[in-house]
Amino acid sequence: MASCRDEAVALLGRLGVPAAAITGGSLPARSPITGESLAQVVETSPAEAAAAIARAHEAWRLWREVPGPRRGELIRLLGEELRAAKADLGLLVTLEAGKILSEGLGEVQEMIDICDFATGLSRQLYGLTIATERAEHRMMETWHPAGVVGVITAFNFPVAVWAWNAALALVCGDAVVWKPSEKTPLTALAVQALFGRAAVRFGDLPEGLCPLLLGGRVLGEMLVDSPLVPVLSATGSTAMGRAVAPRVAERFGRSILELGGNNAAIVAPSADLDIVLRAVAFAAMGTAGQRCTTLRRLIVHESVADALLPALKRAYASVSIGDPREASTLIGPLIDPAAGAAMDRALEAARAEGGVVTGGEAVEGPGGIYRRPAIAEMPTQSEIVRHETFAPILYVLRYRTVEEAIALHNDVPQGLSSSIFTNDLREAERFLSASGSDCGIANVNIGPSGAEIGGAFGGEKETGGGRESGSDAWKAYMRRATNTINYGRRLPLAQGVSFDVG
Ligand code: UN1
């Protein structure tokens, strides 16, 4: 295999990233595959960031006047650029975030999908007309561009999460200022270059509408605190959300938060175990356990546990771990040594809490941090099970009644995604009902990860309550106005109030 650095430099050149942006800077870009340095990225200074936010605000003032369908044309062109660059950008995601190539390509596909969605949406930014109590009046609501949207993204979906936010925000008439993870500046630069190509083809895009801020926490904090940023969308840990949300609220900004998950699947007695096995393998081990939707808890009925667990352990033992560029690899590296240490600590805690752990050991790879995914059979839903560790650890719990399973399922602080595997209609509908799963995503007979863009994505409780991507998530990127119009010659007041000055 070529060195990650050589491959990355060639890809960045093809994707249109200027060499000056990735040489001699103070932000190191590393590949988790080998641990090697890929580039020294030039950081954005706080003064440059402040100027970029101010420019984005000015650009928004022009962009908000551009008709929605014309704004949609920009996103249609971005989708075309992404289609043309899919192979290169997908491989760059693999090199910088460490996910296997088919997942790197899948992430770019997710960007293309949201561009298609947003292009259609650009002709459907509609409000309601509402019956009014007054004669010769009309009441309606209209949706207007909100302003600058700040987007803070995590390393694990370094490009797709930006696209969910940016594609919607741009057709909604907003400007978008992006602060990606310090761990993935190169994919962000590549997306910026592709966006630049779309902008040139578009023609008259306001200057500075969509800037990129590269660097550390201080830049994210500028977005959090800026009064020029009415909407802040942040993806990351619950700890990050806890720091961000009150600061945005303090200035009456709006935040869209996608924070930690602790996603579970219930396996009922009637479940099709072949489907369970395949779904659990992808949901729990895919992306080396580093999705916010990763399956972390398997709640198995006691009558099927002894049939399912040996098969699952065989799958865990045989899964191929290593260089994610190899076609045969299913599990790539963890993002960095800290992630490996967090996994080791969590497994120690699981043992201390009475768990029996299979797997989890270090695996020799091409230089990065590689771990065999682990299964931890736990006596109870103890502290470590209730905690999100961003690593491939699947905690297994047993249950007797479906009520007990749903109670266990909901008894964690997070509420992102969930599944039940059952062929019993009553159980499935109970799980999806008001007294079932308390998550933002609840599935039947598929795993909790790998959601499509057409639905609203996000979750409750410590997951933060935000919704991105499909359905009517676009509304969070706009401001709503209620309009009442009098087309008569009298002035009736609402609620029958009389106030006659004549
Ligand atoms: C994330 O891990 O931050 O549903 C996003 C999924 C993907 C997105 C995950 N479509 O797993």
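**View A. Helix H2 lies across strands E5 and E6.** H2 (residues 46–63) runs at about 155° to E6; axes are lines fitted to C-alpha atoms, for helices over the stretch in contact, and angles run from 0 to 180 degrees between N-to-C directions. Helices (H or I, at least four residues) and strands (E, at least two) are DSSP runs, numbered from the N terminus. Contact requires C-beta atoms, placed from the backbone, within 7 Å. This is a predicted model: local features need pLDDT of at least 70, side-chain atom pairs count only at pLDDT 80 or more, and totals for chains, interfaces and linings use all residues. Residues are numbered from 1 along each chain as its sequence is written.

**View B. Four strands form an open sheet in the order E6-E5-E7-E8, with parallel pairing.** Strands pair if DSSP finds at least two bridges between them. E6 (175–179) and E8 (254–258) stand at the edges with a single partner strand each, so one side of each is left without a neighbour in the sheet. Neighbouring strands here are turned by 15° against each other on average, direction ignored.

**View C. Strand E5 (residues 148–152) runs parallel to E6, joined by 5 bridges.** Look for Gly150, whose bridge partner in E6 is Val177.

**View D. Helices H1 (residues 4–15) and H6 (residues 185–202) have axes that come within 9 Å.** The axes cross at roughly 20°, so H1 and H6 are roughly parallel to each other (angles under 35 degrees). Ala8, Leu12 and Leu15 of H1 meet Leu186, Ala190, Ala193 and Leu194 of H6.

Note on methods:
Angles under 35 degrees count as roughly parallel, over 145 as roughly antiparallel, 65 to 115 as roughly perpendicular and the rest as oblique. Two residues are in contact if their C-beta atoms, placed from the backbone, lie within 7 Å.
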